Amino acid sequence: MTTSSPTHHRRRLLPAITAALTAVPLSVALAAVHPVTATAEPGVPQAPVVVFAEDFENGQGTTPALLTAYTGLPPVNQTYDADPAWLTACNGWLASLQQSTTPPPGSGCGSGDWQAVRTMAGALGQWAGGDPGANHAVTAYTAGNPGAGKVQLATEQPIPLAAPDRFLTFSVDAAERNCFANHALFEFYLVDGATAIPTFTTPIEPCANPSTVIGGTAVGTYTSDRPVLFGGSSVGVRLVNAQASGTGNDAAFDNVRVLDVTPQLDVAYGPSPVEVGQTSTLVLTVTNTAELAVKDGWAFTADLPTGLTATAQPTTDCADATTSTAAGAVTATGGLATGQVSCTISVPVTAARAGTYTTCAADVTARVGLNAPGCASVRFTPPVLVFDAHAHGGRLTAPLVGVGPLAPSDLSCTTQPGLDVDQLLGAGLPGIGSLGVVDTEARGVVDGDGERTATAHARTAGVSLLGGLVTADEIRARAAADEDATGAVTTAGGVELVNLRVNGVPVVNPAVDLTITIPLVATVVVNEQRSLAGGAGIAVNALRVRLLTGTELVISHARVTLTRPGAPCPTS
């Protein structure tokens, strides 16, 4: 009865996928399953999503029915057709062990053949974890030669899809007997309109690759090994048997599924946080589904967040990939090779301003054959600048004596924020005069965005100098250095004067470095300011008095800088 045939090897569905699929309630015909968004760990394959499932159980019982008389469950209400050769000669019947042992009239089944197809239906039920006695399966016992390439099953109603551009393939439970003879060769096609698209490189051959043998029946769950990047909004199913002979070719099938095996795209940044001007890496990971079949032709364009720029072209380990960065976007097309779990596209990025930069699904446009990613962020922080802040109420420098600094507050050349304050209730200045209450403060702060500010303040009250030639109720000096989101430093300084008189003349709103001469006595500079550390700092003296004798007095001094680590801090 038999001649030998070549052995065709098929990859079985991985155990994790088999378990996931057999857990699906196949009494429901699924359709329009929504594409998923990243929820699992990047690089960890997830099980395929069942788009459509048919278990041939709707309305079935103890009365045998032909495939063409069967209607599946809502919402699809699927009906089926086949070539005449697969609807005669003991083919195309929904067989079950609960049915009579007498073959259906006109089925073309001998009593032994009918018993064999009923047995295969029971084996398929047992394999799927159901009731072997109640399970129904489609017969294909080939009591005659069907001819090669004949359609054994074809859907008649379109199966709606939630979105185009998805990778789709098939899974089927299949059984076969008489494996010493010619083997069934199942070929699954996706149908897009009038176009049938193969999902396989090698036909499914249960006899050659059984998952197990139950009572002489080879049985297993099989998946087509060449998923299709399907562009349509609905899909049809076509099963072709490539075996022409009726010698052997004794099989049955059940639990036909359309599977969405679209890879997952995920985005991540690292490291984070990173300083402005330094580099982080945007990593786009494409993760295969758990059957690890080849996935050719996926594509995406990921728009970089405004303010984030690529510093080099992408690198990738994806198969047959083409990648680029241009116009603020990362573009990639490529594939996953058979057995490849995942691949990555990596792009070094930087930002000129501090802030948090986020990429989400809405930023990934022109996405083809990929599930949308979740969100990922990178935070760029301003540089960690060094605080240097100082203030005092007065300092006297003379050829033979020195006084001060009075009530000094100092935050000296440190990256750590802090506050120093001091107060003096009064001070005498030998040969010069006296000061009242002095209050000073030096401060360094970091805001919530990481930007740094250094400030210094000095207030000196009750100023009386040179026998009343220089008097004031109060003299204040202030200085500030602020870091912005780019790491640049801006400075500001000024004075506040309450009833300042020099040689009897009131001084109000003085310009920077206002110089007043007291003949034969001294030179007085009001609101003296100078830049420090190349513009990264400022020093303010509210009042500087220079006597002709060489004595010099500074009243209300404030000085700040914000410098890069390693740069020297000013000493005065």
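The torsion about the S-S bond of C413 and C569 is about 80 degrees, so this disulfide is right-handed. A disulfide here is a pair of cysteine sulfur atoms within 2.5 Å, and the sulfurs of C413 and C569 are 2.2 Å apart. The model is predicted: local features need pLDDT of at least 70, side-chain atom pairs count only at pLDDT 80 or more, and totals for chains, interfaces and linings use all residues. Residues are numbered from 1 along each chain as its sequence is written, and side-chain values use heavy atoms, with hydrogens and water left out.

**Disulfide C413–C569**

- C413 sits in strand β30 (residues 409-414) and C569 in the segment after β43 (552-563), so the pair links distant parts of the chain, 156 residues apart.
- Helices (H or I, at least four residues) and strands (E, at least two) are DSSP runs, numbered from the N terminus.
- C413 counts as partly exposed at 42% relative accessibility, while C569 counts as buried at 15%.
- Buried means under 20% relative accessible area, exposed means over 50%, and partly exposed lies in between (1.4 Å probe, protein chains only).

**Other disulfides**

- The whole structure contains five disulfides, and with bonded cysteines counted along the chain they follow the pattern 1-2, 3-4, 5-6, 7-8, 9-10.
- C90 and C109 form one of them, with sulfur atoms 1.9 Å apart; the link is right-handed, with 100 degrees about the S-S bond.
- C360 is in the loop between β25 (355-359) and β26 (364-368), and C375 is in the loop between β26 and β27 (376-381); the two are 15 residues apart.
- C375 is exposed, with a relative accessible area of 56%.

**Sheet β17-β27-β25**

- Three strands form an open sheet in the order β17-β27-β25, with mixed pairing.
- The edge strands, each pairing on one side only, are β17 (274-275) and β25.
- Two strands pair if DSSP finds at least two bridges between them; β17 and β27 run parallel and are joined by two bridges.
- V274 stands opposite F380 in β27.

**Nonpolar core**

- A nonpolar core is a set of buried Ala, Val, Leu, Ile, Met, Phe, Trp, Tyr and Cys residues joined through side-chain atoms within 4.5 Å.
- The largest one has 44 residues, and those with the most contacts inside it are L465, V470, L500, L543 and V545.
- Elements giving two or more residues to this core include β35 (452-465), β36 (470-483), β41 (522-532) and β42 (537-547).
- Leaving aside neighbours within four places in sequence, V545 is in contact (heavy atoms within 4.5 Å) with L465, L466, A522, T523, V524, T551, E552 and L553.

**Annotated region**

- An unreviewed UniProt entry lists residues 263-372 as "domain: DUF7933"; UniProt positions are given in the numbering used here, feature names are shortened, and annotations may be inferred rather than shown by experiment.
- Over residues 263-372 the chain is 0% helix and 61% strand, and the end C-alpha atoms are 9 Å apart.
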